[in-house]
Amino acid sequence: MPLGQRVGDKSDSRYCGVETAFSDDVPETLRDNLGNGFDFVLMPLTDPKYRPSQTEEDLNGPCVPPFAGSDLVLCPAQWNSHVVGKVSSWIDLDSDDEVLRMDSETVLKQEIAWAAHLSLQACLLPTPQGCSCANYARCVNQILQGLNNMQLWLRIPLVSPEIEDSENTPDSSDTFLIDQHGVYVTMNKMSLNNFFGTLFQWLVQMGIRKKKSDSVCRKRQNNDSWEWWNTFRLLCEHHSQLSIALDILSSLPSANSVGRWSGEPVRAAIVHTNAFLTNARGYPCLSKRHQKLVTTCFKYSIQIVISGAPLHHVSGRSVESPEENNNHAIFDDGQIPKTHLKPYLDYIGYLYQRLEPLSEQERFELGYRDFLQAPLQPLMDNLEAQTYETFEKDTVKYAQYKKAVHAALLDRVPEEKASTTITVLMVVGAGRGPLVRASLQAAEESGRKLRVYAVEKNPNAVVTLHSLIKLEGWEGIVTVVSSDMRQWVAPEKADILVSELLGSFGDNELSPECLDGAQRFLKEDGISIPSSYTSFIEPITASRLYNDVKSHKDIAHFETAYVVKLHSIARLAPPQPVFTFTHPNFSPKRDNRRYKKLLFELPADTGSALVHGFAGYFDATLYKDIHLGIEPSTATPNMFSWFAIFFPLRKPIYLPAGSVLDVHFWRCIGATKVWYEWSVTSPSVSPIHNCGGRSYWVGL
């Protein structure tokens, strides 16, 4: 049964599985584990002793593999919902032993074919032998070409066995001491490693020490289990049905290293019992870092699987939380569990139940997560009523605009002139009137008088504006103008110019071109709201987004910028500013073309990574210190009018540990359109994307 109930959460992370040994009695195995609260079992499909080369054929043909029971022992729904297959772990398709290699290939194909016959949702593949996995990947890729909807989970350790073995794992009492002071120990190790790494580079540059041999570099690469996954998925051409099951043991790498996996297709996290500590009452619990990792898995819809022998022999009727004085009971059936792994399941359930409920904004955004959308073409197309309605629900955005107009009115009109001075305010791109309403509310609260012009080119929205004015009684205050702001001849000049023409990348919906055209009817000392805005980009790992773009099988989709609610991504370096625009801009040589070169450096403890593209954001100053934006470090809370923008790369860029990413971005302008071009020149060179605006542009 699910780990718990959480408002709005319908993801797979609610379900927890258990890894079991091979059993001839599948129904009994399933009954025991489901009866103790697990939702599915991860079980071998074939007797681990089976070797095709040691089996003689009979007169009726090849010997039938010793599968774990017939497909008839469970109904199709049970196989599909409660069983994940596990390919024999002994197979080694890259072995120098030809017999073992051939046996491995035969068994791999037999077991996946059997899993597909059973209609299993997923099948677990054994861990590759480091980066030397070409034949293994070839066979898997061949299988993937003809596979149905079943997912293949490649088992990858979060920490490579060499590093895991080299760490002196303390006993339980020591672990609590490390958990209490572990941050300092980890940071000291990292600082020491970084120091010696920098010292070594300096010695190489000075000629005092020779550069490390390729074999040493390959050894370091082979010790990073992410490299194993990256090699395997590149050989399999980023196949969308190939995903990851992470093995989580007692040791964890740095937070930045763990963060890389957020952008990878991780479907399961196999948490071993040796990763658990013991609390004061003798129950299993996890360190703070392990707790954070499991909680992150929940947020990314990653299913937890418990694996290993029970190391906590618990009796009693409830499992306590890791805090000594917490008396919260997870279950109270009064019975000692049949399976000794139930205390571990209950602890995972405790962590799930401790999650905060999804906020209203998160529930709204659920359906948009990692869903690619074409950006708006505001000058070419007229928005529909449903689009207007969605934007108008963003009360946070209009509250910020109201604050900006309020502050501008107070600065514009002194208190002694408030009753006699009428401020001319023009809303350009008025839509159905939310900015008009916010401006009038600001005038009322500030005690200032307004004369408002609502300029809108969409004739359908103009109908709504006229109705709104009659409904609210604004006839003597608001004048509706049905015109493109760039062509309108204003009867007077404005004191304040208000607009909401910003796109996800700031200028990508042509705010600079529109406001440059409209500022001719702004007084020389007039105020523009917004007064400036800056775009930002950051490199990301986004396997799911890349595969979605790749599925179109053409270059054009790789040269298109998409609006997307980013979720399953890894942010590899902090965002950097790209283009900035300021309004009003009275310069006689206005030019909205831009070019920017950016250098991104990953944190030293991240390791290598794969860059699938760039996430774009904006931050806007409305007036003085009043701002709104979606750049992660300064994002306006609870605002949903804008999602990020995604610029994909035709071929992902491999970024070795310690290397620098050299990125180039252009904003180009033609007679009828504006477009972006982007490229990478280091550590490897990519083509210039969207050259001449051939695939993606915004029409003027």
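Two strands are taken to pair if DSSP finds at least two bridges between them. Helices (H or I, at least four residues) and strands (E, at least two) are DSSP runs, numbered from the N terminus. The structure is a predicted model, in which local features need pLDDT of at least 70 and side-chain atom pairs count only at pLDDT 80 or more, whereas totals for chains, interfaces and linings use all residues. Residues are numbered from 1 along each chain as its sequence is written, and side-chain values use heavy atoms, with hydrogens and water left out.

By the pairing criterion, β20 and β24 run antiparallel and are joined by eight bridges. Within this pair, Arg594 has Arg667 of β24 as its bridge partner. Strand β24 (residues 660–669) is largely enclosed by the rest of the structure, because seven of its ten residues are buried; buried denotes under 20% relative accessible area, exposed over 50%, and partly exposed the range in between (1.4 Å probe, protein chains only). Eight bridges also link β24 in the antiparallel sense to strand β25 (residues 673–682), and Ile669 is partnered there by Val674 of β25. The two strands β24 and β25 form a hairpin with three residues between them.

The loop between β20 (594–601) and β21 (609–623) contains Thr606. This residue, Thr606, counts as buried because its relative accessibility is 4%. Apart from neighbours within four places in sequence, Thr606 is in contact (heavy atoms within 4.5 Å) with Asn256, Ser257 and Arg260.

Elsewhere, eight strands in the order β1-β2-β3-β4-β5-β6-β7-β10 make up a closed barrel with parallel pairing. From one strand to the next, the twist averages 30°. Strand β1 (residues 16–19) pairs with strand β10 (residues 303–307) in the parallel sense over three bridges, and Val18 has Ile306 of β10 as its bridge partner.

Among the helices, α3 (residues 98–117) and α4 (residues 134–145) have axes that come within 11 Å and cross at roughly 25°. Helix α3 is therefore roughly parallel to α4, a class assigned to angles under 35 degrees, with over 145 counted as roughly antiparallel, 65 to 115 as roughly perpendicular and the rest as oblique. Axes are lines fitted to C-alpha atoms, for helices over the stretch in contact, and angles run from 0 to 180 degrees between N-to-C directions. Residues of α3 that meet α4 include Leu108 and Ile112, while those contributed by α4 include Tyr136 and Val140.
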